[in-house]
Amino acid sequence: FAGCHPDLCYVYADGKAVQTPLDDCHSIIAFTTFEMGLTEADAIALHNARIFEAGGYLDMWAIDKGQLFAHFDRYGYDMAAPFRQWAMRESFMFTLNHPRIECLYDLARVATTKAGRTPVNSPARPHDNLRNAQIFPVYPEIAEACGVEGSTLFKVAGQYRLLPLQEFVRASFEAYRSHGAGALDTTEQFKGRHDAILAAI
């Protein structure tokens, strides 16, 4: 679900994932800026509402919600009510593919019911292991559109250490320089937003 994190992408060099302090997570804006030969300061400044809108970031919530529900419907999972609850809280995703434990708990309850069993109704939840991994922020302008709290602090994987946008961009550029712009690429999944950001810059 990319609606909370439309700037997140993966970057590869010679088929291998390029690492940042957030493991495989990169900023499309930072990556595209580097490809264009612009500076870290440019990349930081380009994290703004105009670029987010031009890149289609503000539309991603509705697009990905539709795709998510299409996947659920295909398997007969009615997740409309749980999704409303998720969306009323803080961002229910840590990254594109790391949901909060509440999402997995609710999905397990629906699956249990669909299997003809009675799920246990308990406030207890399993430990949220993904919370200890990397956390990509929901930028304030995007958070406002999603109705959640926004931030520009990136959480490092395996540590409780937060990087401001400036430090995350600097670390990303260092990783890119070690390979060179010509060796870097992203996957088809992110090409549309990448190209939209390229055109907007």
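Trainee: At 12% relative accessibility, is Cys146 buried or exposed?

Mentor: Good place to start, and keep in mind that this model is predicted. Buried means under 20% relative accessible area, and Cys146 has 12% relative accessibility. Cys146 therefore counts as buried.

Trainee: Which residue holds the cysteine sulfur closest to that of Cys146?

Mentor: The two sulfur atoms are 5.3 Å apart. A disulfide needs them within 2.5 Å, so this pair is too far apart for a bond. The closest sulfur belongs to Cys4.

Trainee: And which cysteine sulfur is nearest to Cys25?

Mentor: The structure holds zero disulfides. Cys25 is accordingly in no disulfide, its nearest cysteine sulfur being 9.1 Å away. That sulfur is in Cys9.

Trainee: Which side chain makes a polar contact with the side chain of Asp7?

Mentor: Asp7 sits in the segment before strand S1. Asp7 is buried yet has no salt bridge, with Arg193, the nearest side chain of opposite charge, 7.4 Å away. Its side chain does make a polar contact, at 2.6 Å, with the side chain of Ser27.

Trainee: How far apart are the closest N and O atoms of Glu40 and Arg170?

Mentor: These two residues form a salt bridge. Glu40 lies in helix H2 and Arg170 in helix H8, so the pair ties together parts that are 130 residues apart in sequence. Their closest N and O atoms are separated by 3.9 Å.

Trainee: In which helix does the salt-bridge partner Arg177 lie?

Mentor: Glu40 and Arg177 also meet in a salt bridge, at 2.6 Å from N to O. This pair ties together parts 137 residues apart, since Glu40 lies in helix H2 and Arg177 in helix H8.

How values were computed. Residues are numbered from 1 along each chain as its sequence is written. This is a predicted model: local features need pLDDT of at least 70, side-chain atom pairs count only at pLDDT 80 or more; totals for chains, interfaces and linings use all residues. Side-chain values use heavy atoms; hydrogens and water are left out. Buried means under 20% relative accessible area, exposed over 50%, partly exposed in between (1.4 Å probe, protein chains only). Helices (H or I, at least four residues) and strands (E, at least two) are DSSP runs, numbered from the N terminus. Lys and Arg count as positive and Asp and Glu as negative; His and the chain ends are not counted. A salt bridge is a side-chain nitrogen of Lys or Arg within 4 Å of a carboxyl oxygen of Asp or Glu. A polar contact is a pair of N or O atoms within 3.5 Å; within protein, one must be able to donate a hydrogen and the other to accept it, and residues adjacent in sequence count only if both atoms are side-chain atoms.
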